[in-house]
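Colleague: Could we go through this model together? I should like to begin with what the terms mean.

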Amino acid sequence: MNRQILSSGTIVCLAILIYGWTQSSTSGASDYDCRNQAAKAGSSKAPNQLSSAEKHCLPKAVIATSNTTEPLFNLQWSQGGKDRLPNTMETLYSSLLEKAQALASREQFGQAIATIAGIPKNSRHYEMAQQLQEDWSRELLRQATLHCQQAQVKTAIAILQAIPETSQLHDRAVELRQLWSKQARQLNQAIAAEKVGDWQRAIDATKSLEGSLMYNSLLVQELLQQAMTKLYEPDQTLLQIATADLPTVQPADMTSLEVTSTIVD
């Protein structure tokens, strides 16, 4: 009994495979015939007036019609203003521009850029938003440079991070962040050496910053001056040992000098 079931199942599977193969081989011709039948039938025929072949092809004709009208609809949509935004959205973007300009007037350029960063390309405010972001990125670079000149490296790097990727200055900002981070590590080494009294290492670390923006800062110059003073300052203990065996010099007799001065007069 089990063998008969298996045998019957095998036959059914083979029949299905053969049927599928024959259908795929004739699908091209069938589709062609269906298109002809649909064209002959036209849209004016009622369903009860269709022949059996036309009724068979009716679903395929409907599908074919829907597939051909969809690209046409998309084309008409794109030509009819697909990229246009509703007035409510444009009003929103206009208010964002005003808010960003108010922030920029208070020199909060990073927040101003973030406020209008989401304005899309199909907005009529896009070009203005891009120009403002570029101008404010330039201001951020200027602010960061000033902070670096004062050896406020952490603040300078944080300001550079606000420059967006869309800005022409973004690559320059990335380059400066890497450079200033390296110089900040050298400055921290000099500060650490100064705290433990390693004056030579402090001098070497500060000297490595020569030519950088922060080298002429008050912090670096004071650190360098202190390290050099401490390094070349004579040790008081050694000075006492060196002068211990020297003869004591007696002060001059001021009385005899006064008498001599009187006689001369």
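Modeller: This is a predicted model. A residue counts as buried when its relative accessible area is under 20%, and as exposed when it is over 50%.

Colleague: Which residues of helix 4 are buried, then?

Modeller: In helix 4 the buried residues are F109, A112, I113, T115 and I116.

Colleague: What covers them?

Modeller: The cover over the buried residues of helix 4 includes helix 3 and helix 5.

Colleague: Turning to helix 3, how far apart are its end C-alpha atoms?

Modeller: The end C-alpha atoms of helix 3 (residues 87-105) are 27 Å apart. That agrees with expectation, because 19 residues at 1.5 Å a residue should span 27 Å.

Colleague: Which of its residues are buried?

Modeller: The buried residues of helix 3 are E90, Y93, L97, A100, L103 and A104. These cover an arc of only 135 degrees around the axis, so they sit on the same side of helix 3.

Colleague: Why would residues three or four places apart point the same way?

Modeller: An α-helix has 3.6 residues a turn, so residues at that spacing point the same way.

Colleague: And what is exposed on the other side of helix 3?

Modeller: N87, T88, T91, E98, K99 and S105 are exposed there. The buried residues of helix 3, in turn, pack against helix 4 (109-116) and helix 5.

Colleague: Now helix 5. Is Q133 buried or exposed?

Modeller: Q133, which lies in helix 5 (residues 126-149), counts as buried because its relative accessibility is 4%, and the cut-off is under 20%.

Colleague: Which residues does Q133 touch?

Modeller: Leaving aside residues up to four places away in sequence, Q133 touches I113, I116, A117, P164 and T166. I113 and I116 are among the buried residues of helix 4.

Colleague: Which residues make the contact?

Modeller: Helix 7 contributes Q186, Q189, A190, A192, A193 and E194, and helix 8 contributes W199, R201, A202, A205 and T206.

How values were computed:
Residues are numbered from 1 along each chain as its sequence is written. This is a predicted model: local features need pLDDT of at least 70, side-chain atom pairs count only at pLDDT 80 or more; totals for chains, interfaces and linings use all residues. Side-chain values use heavy atoms; hydrogens and water are left out. Helices (H or I, at least four residues) and strands (E, at least two) are DSSP runs, numbered from the N terminus. Buried means under 20% relative accessible area, exposed over 50%, partly exposed in between (1.4 Å probe, protein chains only). Contact means heavy atoms within 4.5 Å. The expected span of a helix is 1.5 Å times one less than its number of residues. The arc is that of the directions from the helix axis to the C-beta atoms.
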